[in-house]
Amino acid sequence: MHEPDGERTSVTQRAVESVKAMIAAGEVGPGERLPTERDLSARLGVSRSSMREAIRALTTLGVLEARHGAGVYVTALRPADLLETFSVLAEVSQGRTLLEVLQVRRMLEPAATALAAARASDAHLDRVGALLERMDGEGEQDAFCADTVSADLGFHQAIVESTGNATLAAINAGLSSRTFNARVWAGHREAGLTAKLREDHVLIHAALVARDPDAARAAATTHVMRVERWLGADLARDS
């Protein structure tokens, strides 16, 4: 069975949707082996080449995994695996798209931080506090970039992870960028404003420790808006 090249993409997409429907319906679950390529091809009425492309696409998306000599299996379907390709968004975005990424963060981070204030365990708060202590923005430039930027990323990710929502944590990770974070801290350091960034984090941490969701939401909103305004001004200078 052969489809014309012009139709192969749509046929492959139909095969992708069919396999996803099988998984959603529970016909084959996490960790279970998928029917053979030959069987799937016959069942779905597509060529084996289109079926192979569909399996390759779903493997790239983290839905399937090929085990050498054992066949193709459904993955554990963990949010972090399924959203792994999403993580490239913040890393490669530029200009207006990067500003849009920050606007999405402004919608999600305050809500996640408020939820963390209600749910975080003492161990989670200790971890967030330890990361805050590393985030001083002082010292040599190399150390500043390596440690402060890493601590900042870890600080926010630890907060979201403390909500217990793995999907939210995976989305937050996808919206975060080490390259952009380094740019933010370097820009604020050049302008003598790193103290403002650290103060934002201190207020967020204080609200979490106080178990105050409203204060946590407000502090997180202020922080993301500060970065968003900085980026808007930085883009305006470059235009």
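I began with Met107, which lies in helix α6, residues 95-119. The model I am reading is predicted. Met107 is exposed, at a relative accessible area of 63%. I then looked for a patch around this residue and found a nonpolar one on the surface, formed by Val104, Met107 and Leu108. Together the three have about 260 Å² of accessible area.

**Overall form.** I listed twelve helices and two strands. From the N terminus the order is α-α-α-β-β-α-α-α-α-α-α-α-α-α. Along the principal axes, the C-alpha atoms fill a box of roughly 65 × 45 × 30 Å. Of the 239 residues, 41% count as buried.

**Rings.** I looked up aromatic pairs and found one in the structure. It joins Phe180 and Trp230, with ring centres 6.5 Å apart and planes at 55°, so I noted the pair as tilted. Phe180 belongs to helix α10 (residues 178-190) and Trp230 to helix α12 (residues 213-238), so far as sequence goes 50 residues apart. Both Phe180 and Trp230 are buried. Elsewhere, I noted the charged end of Arg67 over the ring of Tyr73, 3.9 Å from the ring centre.

**Salt bridges.** My count came to 14 salt bridges. I followed three of them and one network.

Arg183 pairs with Asp234, the closest N and O atoms being 2.8 Å apart. This bridge also links helix α10, with Arg183, to helix α12, with Asp234, across 51 residues. Which of the two partners is buried? Asp234 is, at 13% relative accessibility, because the cut-off for buried is under 20%. Arg183 is partly exposed at 31%.

Asp122 and Arg211 meet at 3.2 Å, N to O. Asp122 is in helix α7 (residues 122-134) and Arg211 in the loop between α11 (194-209) and α12, 89 residues apart. I have Asp122 as exposed at 56% relative accessibility, and Arg211 as partly exposed at 34%.

Asp147 bridges to Arg134, with 2.9 Å between the closest N and O atoms. Asp147 lies in helix α8 (residues 141-161) and Arg134 in helix α7, so this bridge ties together parts 13 residues apart in sequence. Both ends are partly exposed: Asp147 has a relative accessible area of 34%, and Arg134 has 32%.

Last, I noted that salt bridges with shared partners join Glu37, Arg48 and Arg52 into one network.

Terms used:
Residues numbered from 1 in each chain as written. Predicted model: local features only at pLDDT ≥ 70, side-chain atom pairs only at ≥ 80, totals over all residues. Heavy atoms only, no water. Patch = residues over 30% accessible without salt bridge, like charges linked within 9 Å, V, L, I, M, F, W, Y side chains within 5 Å. Areas by Shrake-Rupley, 256 points an atom, 1.4 Å probe, with all protein chains shown as cover. Salt bridge = Lys/Arg side-chain N within 4 Å of Asp/Glu carboxyl O. Helix = DSSP H or I, 4+ residues; strand = E, 2+ residues; numbered from the N terminus. Buried < 20%, exposed > 50% of the residue type's maximum accessible area, 1.4 Å probe, protein only. Phe/Tyr/Trp six-rings, centres within 6.5 Å; stacked < 30°, edge-to-face > 60°. Lys NZ or Arg CZ within 6 Å of the ring centre and 35° of its normal.
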